[in-house]
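Q: Please take a close look at one part of this structure and describe its surroundings. Plain words will do.

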Amino acid sequence: MSIKISGKIYPKNVKMSVTSEEEESKIRVVPSNSNTNDWFGSSCAMSGDGTICVIGAYGNSNNGQQSGVAYIYVKSGKKWDEQQQLVASDPETNDFFGYS
């Protein structure tokens with residue numbers, strides 16, 4: 001589950017204990033190379049243990065117009081660290097990689 005807020009995504013881990021909305025809002029991830037209209041956060045998948053999150057950005061045009069990317073984040077304490085950016089092995093225009 002996630003909440004999309006203007007180019008940022010706030011993963012919600014159901015196993016995490018949060019005492020207030022203010023604390024929850026501190027947990028956020030921002031892609032390392034986002035652009036306007038990337039649609040970062042349009043899709044999101046969380047591992048069963050809540051420590052790995054894959055977030056799509058199908059509008060990303062770094063490898064062709066709307067070729068898309070996906071980002072892998074790993075939870076470290078209360079932070080989410082970007083570990084890797086996934087792209088198609090043969091990116092092309094309008095692939096929309098990262099869309100689900």
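A: In this predicted model, Ala45 lies in strand β3, which spans residues 40-46. Apart from neighbours within four places in sequence, Ala45 is in contact with Ile52, Cys53 and Val54. Ser100 is 55 residues away from Ala45 in sequence, yet the C-alpha atoms of Ala45 and Ser100 are 9.8 Å apart in space.

The strand itself comes next. Strand β3 and strand β4 (residues 52-57) run antiparallel and are joined by five bridges. Across this pair, Met46 stands opposite Cys53 in β4. Both strands belong to an open sheet of four strands, in the order β3-β4-β5-β6, with antiparallel pairing. β3 and β6 (79-86) are the edge strands, each pairing on one side only. On average, neighbouring strands in this sheet are turned by 30° against each other, direction ignored.

The cysteines deserve a separate look. A disulfide is a covalent bond between the sulfur atoms of two cysteines. The whole structure has zero disulfides. For Cys44, the closest cysteine sulfur is that of Cys53, at 3.3 Å, which is too far for a bond because the sulfur atoms of a disulfide must be within 2.5 Å. Cys53 is likewise in no disulfide, and its nearest cysteine sulfur is that of Cys44.

Definitions and conventions: Residues numbered from 1 in each chain as written. Predicted model: local features only at pLDDT ≥ 70, side-chain atom pairs only at ≥ 80, totals over all residues. Heavy atoms only, no water. Helix = DSSP H or I, 4+ residues; strand = E, 2+ residues; numbered from the N terminus. Contact = heavy atoms within 4.5 Å. Pairing = 2+ DSSP bridges. Axes fitted to C-alpha atoms, helices over the stretch in contact; angles between N-to-C directions.
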